[in-house]
Amino acid sequence: MKKNDCLPLLLTVSSSLLILLGLYLALAGAPDANLKSETGRLAQRIIYFHIATAWVGFLAFFVTFVAGAVYLRTQRRQWDIAALASAEIGTVFMLGVLVSGSIWARPAWGVWWVWDERLTISLVQFLIYVGYLMLRGSVEDPARRARFAAVYGVVAFVSVPVNFVAIRLWRTQHPLVFGVDGGGLSPNMMFAFFFCLIAFSLWYVTLMWHRIRLERLRDQVDELKLRLV
Amino acid sequence: MGYLIAAYAVLWAISFGLVLSMHLRQRRLQLDLRVLRQLVEDAASSDE
Amino acid sequence: MNYARKVFAIVWKDIVAELRTKEMFSAMFVFAVLTVVIFNFAFDLRVSGERVRQVAPGALWVAFAFSGVLGLNRAFVLERDRGCLEGLLLAPVDHTAIYFGKMLSTLIFMLAVETFMLPVFTAFFGVSLFDGRLVLVALLGTLGFAGVGTVLSAMTAQTRAREVLLPILLLPVAAPVLIAAVKATAGILDGLPIDELRLWLTLLVGFDVLFPAVAFMTFDYVVKE
């Protein structure tokens, strides 16, 4: 038991540390952006966590896609668990992207929402996640639920890049009045940026580990319940 | 400045919410597991 | 050859069944008309002209999409209710034939509704929709919609939530079709040359090829017991 407990503890502690470090970098470590207003400069620091969250949000769906596809091939429960865990986590992260994006939009462009390609595709991805979870909630039989979820995972995942292309083409026809994500990033900013990406990825792995364990527990409980009946 | 704080606060809150939810579910399941294991044992011993 | 014949058998069965009652077609048609009426109220399209022309393509495709969802639901929910799905599955044919059959029959119904809607829209919007290129866009768009929709409908028909779940699952996935179709339609109404529309048409064609392929690979998992 001791060896098993080592990994999650290590994961949790290290990812938490990295996130805190990332937070420091984002708020203080990284240099100021080359913007005119004080508000704009401060608000720009949102992107470090905002984009890292988006990265995890989309990565999680890729994992759901792969896990679902493998489940269809192998019919083994563990892949379905992974798909579900990743989808749940991804949903939460995607929600974070939308909210943080909205909060950034306000000081940056004066509106609470912009239909630029990145925010819009994040919204579409979020809706896909919600649909995925609703689909799962709507099927009783576990085997069928896993199959359907996997199929939707595959179909929806394929649609995401297509959606992105379509939205981007649509955007270039009606470019926003203001440029989104103004200017490039200086090297120091890049460092904070990538550091946050890595920190969040590790955080994602940690959350996955815990969520998968949770689901396995549930399976044990369900199995025991069945035995008693 | 307020926006910066708000954005990070929201992200933390959402993260925390997820972790809390998982933690609560885990506690619940562990409790269920203990109860069920006990019941299974009782059923097995009463069969003998 | 057997495969193609089974596909056409399914299509034919659906058409014959529908011709008898016409209930699905009328429901879809009325719903499309109502959608346009609501758009008229929502966007206050009293005066014909620029405002109407800007809204028309979108309203058109929203109406098609919503009535399309109705049609897609029909494709499988009725089968399930009447217990026909088991019969179809027992037949000694590749299950993907069911997919193509259902997709084609849905496509035909949607196109029928769209055809009947053309004069209605032309009258309501005061914009002439009788353009050959629009037929192409309608065909490509509807094909894409039915292509994804059939797979998803086969799934949702077997869930607890049934009809309600289909639009939730379908619309995000089919969004590229709607985007491209609306843009292409707008371009045609604005009188743009076909060159400028190539972008959107390519997107539509790509979608129409990609998703039936994906559906072909996954449909079996959706209908197996």
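Helices (H or I, at least four residues) and strands (E, at least two) are DSSP runs, numbered from the N terminus. This is a predicted model, in which local features need pLDDT of at least 70 and side-chain atom pairs count only at pLDDT 80 or more, while totals for chains, interfaces and linings use all residues. Residues are numbered from 1 along each chain as its sequence is written, and chains are lettered from A and ligands numbered from 1 in the order in which they are written.

**View 1. Helix 7 of chain C and its end.** Let us start with one helix. Helix 7 of chain C has 25 residues and reaches 34 Å from its first C-alpha to its last. That is close to the 36 Å expected at 1.5 Å a residue, where the expected span is 1.5 Å times one less than the number of residues. After this helix comes Gly191(C), with a positive phi near 80 degrees.

View 2. Look for Ala174(C), where the helix kinks by about 55 degrees, shortly before the proline Pro176(C). The bend at a residue is the angle between axes fitted to the seven residues ending there and the seven starting there. Because 20 of its 25 residues are buried, helix 7 of chain C is largely enclosed by the rest of the structure. A residue is buried if 20 or more other C-beta atoms, placed from the backbone, lie within 10 Å of its own.

**View 3. Where chain C meets chain A.** Two residues are in contact if their C-beta atoms, placed from the backbone, lie within 7 Å. Here 24 residues of chain C and 26 residues of chain A take part. On the chain C side, helix 6 (132–156), helix 7 (165–189) and helix 8 (194–223) each supply at least two residues. Helix 7 gives the largest share, 10 residues. This side of chain C has 20 nonpolar residues (Ala, Val, Leu, Ile, Met, Phe, Trp, Tyr, Cys and Pro), two charged (Asp, Glu, Lys and Arg) and two polar (the others, Gly among them). Of the two pairs of chains in contact, A and C share the most contacts.

**View 4. Where chain A meets chain B.** This contact draws 26 residues from chain A and 22 residues from chain B. Helix 7 (187–228) of chain A supplies the largest share of the chain A side, 11 residues.

**View 5. Chain B by itself.** Chain B has one helix and zero strands. Its C-alpha trace spans about 70 × 5 × 5 Å along its principal axes. Buried residues make up 15% of its 48 residues. Chain B does not touch chain C, and their nearest C-alpha atoms are 24 Å apart.

Technical notes:
Buried ≥ 20, exposed ≤ 12 C-beta atoms within 10 Å, placed from the backbone.
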